[in-house]
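This note sets out several points to follow while reading the model. Please keep the sequence and the structure in view throughout.

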Amino acid sequence: MVDKIKIVLVMFALGVLGGGYEFYDFFNADLIKMNNEIESKRNALNQSKTELAKLKNFSAGLVDIKARLKKTNSEFEEALEFIPRTLDLSKLLAKLNVLARNSGVDIDAFKPIKDENKKSESSEKSFYQTVAVELQLRGGFAQTVMFFDQISRLKRILNVESLKMVSKSGEENRGPASVVTPLETAVLLKTYRFSE
């Protein structure tokens with residue numbers, strides 16, 4: 001029995017020595033490796049938290065950017081009413097005819113003119129293109145002025161570049177019954193279109 005106790009004691013001592021070695025090995029190698037892994041995971045977590053904070057700030061700013069972009073697009077669409085993307089001369093003529101009829105003048109001629117002063121391809125491009133139109137009007141002075149006043153109230157930009165008025169009244173039209181002196185007016189209008 002003494003041998004059995006010795007064997008048990010030896011086995012116990014070997015178990016304690018083996019456990020002690022494993023414990024020592026754990027503290028020296030595995031524990032250091034685990035601490036290094038924990039530290040690298042903490043660093044990765046901190047880096048992810050920093051990126052998350054940046055993304056949250058960006059997303060908060062994104063709402064503001066979207067609102068500003070929507071406002072800018074709205075302003076651009078309003079500007080397109082003044083300088084449209086396309087120039088439909090038939091619509092322009094129709095609009096001018098309505099204004100002329102409302103003012104009491106007649107449009108005798110409507111003639112688009114090619115712009116001879118176009119910039120060459122090598123020069124700086126502009127965001128708009130100019131289109132000139134010659135008009136021949138017939139009507140009284142007050143009616144012609146009223147026509148130009150109505151043109152000035154259009155949303156679309158129309159500039160009167162030159163204006164020449166010639167009186168067409170003869171002696172037969174003079175007198176108290178004839179208050180309106182007929183005029184023939186030559187006008188050079190310039191309008192603009194947005195170039196993309």
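In what order do the four strands of the open sheet lie? The points below begin with that matter and then turn to the helices and the core.

1. The structure is a predicted model. Its four strands form an open sheet in the order β1-β2-β4-β3, and the pairing is antiparallel. The edge strands are β1 and β3, each of which pairs on one side only. From one strand to the next, the twist averages 15 degrees.

2. **The overall plan.** The protein contains three helices and four strands. Along the sequence these elements follow the pattern α-α-β-β-α-β-β. The student may compare this pattern with the strand order of the sheet, β1-β2-β4-β3. Among contacts with a separation of 6 or more, 75% are between residues 24 or more positions apart. Buried residues make up 17% of the 196 residues.

3. **The pairing of β1 and β2.** These two strands run antiparallel and are joined by seven bridges. As an example, Asp106 has Arg138, in β2, as its bridge partner.

4. **Helix α2.** This helix covers residues 89-103, which is 15 residues. From its first C-alpha to its last it reaches 21 Å, close to the 21 Å expected at 1.5 Å a residue. After α2 comes Gly104, with a positive phi near 95 degrees.

5. Which residues of α2 are buried? They are Leu92, Leu96, Leu99, Ala100 and Ser103. These residues lie on the same side of α2 because they cover an arc of only 100 degrees around the axis.

6. **What covers the buried side.** The cover over the buried residues of α2 includes the strands β1 (106-113), β2 (128-140), β3 (158-167) and β4 (182-194), together with helix α3 (141-152). Helix α2 lies across β1, β2, β3 and β4, and runs at about 155 degrees to β1. Helix α3 lies across β2, β3 and β4, and runs at about 155 degrees to β2.

7. In soluble globular proteins, nonpolar side chains tend to be buried together. In this model, the largest nonpolar core has 17 residues, and Leu96, Leu135, Phe147 and Ile151 have the most contacts inside it. At least two residues of this core come from each of α2, β1, β2, α3 and β4. Helix α2 supplies the largest share, four residues.

8. Which residues does Leu96 contact, leaving aside its neighbours within four places in sequence? They are Ile107, Phe110, Leu135, Phe147, Ile151, Leu158 and Leu189. Leu96 itself is one of the buried residues of α2.

9. Leaving aside its neighbours within four places in sequence, Thr185 is in contact with Leu135, Gln136, Leu137, Thr144, Phe148, Leu163, Lys164 and Met165.

Definitions and conventions:
Residues are numbered from 1 along each chain as its sequence is written. This is a predicted model: local features need pLDDT of at least 70, side-chain atom pairs count only at pLDDT 80 or more; totals for chains, interfaces and linings use all residues. Side-chain values use heavy atoms; hydrogens and water are left out. The expected span of a helix is 1.5 Å times one less than its number of residues. Buried means under 20% relative accessible area, exposed over 50%, partly exposed in between (1.4 Å probe, protein chains only). The arc is that of the directions from the helix axis to the C-beta atoms. Contact means heavy atoms within 4.5 Å. Two strands pair if DSSP finds at least two bridges between them. Axes are lines fitted to C-alpha atoms, for helices over the stretch in contact, and angles run from 0 to 180 degrees between N-to-C directions. A nonpolar core is a set of buried Ala, Val, Leu, Ile, Met, Phe, Trp, Tyr and Cys residues joined through side-chain atoms within 4.5 Å.
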